[in-house]
Amino acid sequence: ILVTDKNFLSKKDFNLSYTNNNYSITKKNRECLSNILPSTPHYIKQVHGKKIIYLDERKAISHVCDGIITKTKNQVISVLTADCIPVVISSLCGSIICILHVGRKGAEYNIINSAFKILKEYNYVFEAWIGPAISKNYYLVDIYIKNLFEHIDSQYSRFFYRNHADERFFHMDLIGIVSYQLKNNGVKNISYSELCTVKNNNNYYSHRLNSDPKRFGTFVWFE
């Protein structure tokens, strides 16, 4: 797994997103990154949904999705984030990998379940890694969002707690919800970066903090 940050490769602003950013600078950053990876990364057009693409299927693939799965060695797959969670799932034997972009909508739609509809076709044990993302201390939502999740699954109630500074809002533990969804799909071993994109905004982009259109990347492959 490789995760970039703002100062990756000793650059001052290593943004990887084209959206609302300088195209030529982003293109150069992506080219620099490709030079140190085993293959040119597969980037996707993320839409906060639950669609997964399986790169090894022999058919035309739209890269408008929020997750990628591959069984091909040295094929680099990636997501770009700035508060949403980059989730990497791998079989313990290392023969299949998946990367997901999971924000609030992805958690609501349970993109984790969508990934495991494909992954469970293989008789493997899986582990997961959760990358830098917004932590519950900084993620505030209104009661509508809280009620929406609790209507989907009453167990989600334990991932919300009232904000004492303004009781109209609740802290949402998005990482906790994603961990719960992973465990419900049989993933027992989950590792965490323990890095909050808001608290560590000097190193990572955060859309929630200042509407930043820039993104850092999470890249994964197996050899």
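Guide: A contact here means heavy atoms within 4.5 Å. The model is predicted.

Visitor: What share of the contacts with a separation of 6 or more comes from residues 24 or more positions apart?

Guide: The count takes the contacts in the chain with a separation of 6 or more.

Visitor: What radius of gyration does the chain have?

Guide: The chain has 223 residues, and a compact globule with that number would have a radius of gyration near 17 Å. Along the principal axes, the C-alpha atoms fill a box of roughly 50 × 45 × 30 Å. The value for the chain agrees with the globule value: 17 Å.

Visitor: How much of the chain is buried?

Guide: A residue counts as buried under 20% relative accessible area. The accessible surface of the chain is about 11200 Å², with 48% of it belonging to carbon and sulfur atoms. Of the 223 residues, the buried ones make up 52%.

Visitor: Which residue forms a salt bridge with Asp 13?

Guide: The whole structure has five salt bridges. In the one with Asp 13, the closest N and O atoms are 2.4 Å apart. Asp 13 lies in the loop between strand 1 (2-3) and helix 1 (23-34), and its partner lies 201 residues away in the loop between helix 6 (207-210) and strand 12 (216-220). Asp 13 is partly exposed at 31%, and so is the partner at 25%: Lys 214.

Visitor: How far apart are the closest N and O atoms of Lys 27 and Glu 31?

Guide: Lys 27 and Glu 31 are four residues apart in helix 1, so about one helical turn separates them. Lys 27 is partly exposed, with 35% relative accessibility, and Glu 31 is partly exposed with 39%. Their side chains form a salt bridge, with the closest N and O atoms at 2.6 Å.

Visitor: Is Glu 108 buried or partly exposed?

Guide: Glu 108 meets Lys 105 in a salt bridge of 3.0 Å, N to O. Both lie in helix 2 (residues 104-109), three residues apart. Lys 105 is partly exposed at 25%. Glu 108 has 16% relative accessibility, so Glu 108 counts as buried.

Visitor: At what angle do the ring planes of Phe 149 and Phe 160 lie?

Guide: The structure has 11 aromatic pairs. In this one, the ring centres are 6.0 Å apart and the pair is tilted. The pair ties together helix 4 (residues 143-152) and strand 9 (residues 160-162). Phe 149 is buried at 0% and Phe 160 is buried at 7%, and their planes lie at 55°.

Visitor: Which residue's ring pairs with that of Phe 159, their planes at 50°?

Guide: The ring centres are 5.9 Å apart, and the pair is tilted. Phe 159 lies in the loop between helix 4 and strand 9, and its partner is in helix 5 (residues 174-184). The partner is Tyr 180.

Notes: Residues numbered from 1 in each chain as written. Predicted model: local features only at pLDDT ≥ 70, side-chain atom pairs only at ≥ 80, totals over all residues. Heavy atoms only, no water. Salt bridge = Lys/Arg side-chain N within 4 Å of Asp/Glu carboxyl O. Helix = DSSP H or I, 4+ residues; strand = E, 2+ residues; numbered from the N terminus. Buried < 20%, exposed > 50% of the residue type's maximum accessible area, 1.4 Å probe, protein only. Rg over C-alpha atoms; globule rule 2.2 N^0.38 Å. Areas by Shrake-Rupley, 256 points an atom, 1.4 Å probe, with all protein chains shown as cover. Phe/Tyr/Trp six-rings, centres within 6.5 Å; stacked < 30°, edge-to-face > 60°.
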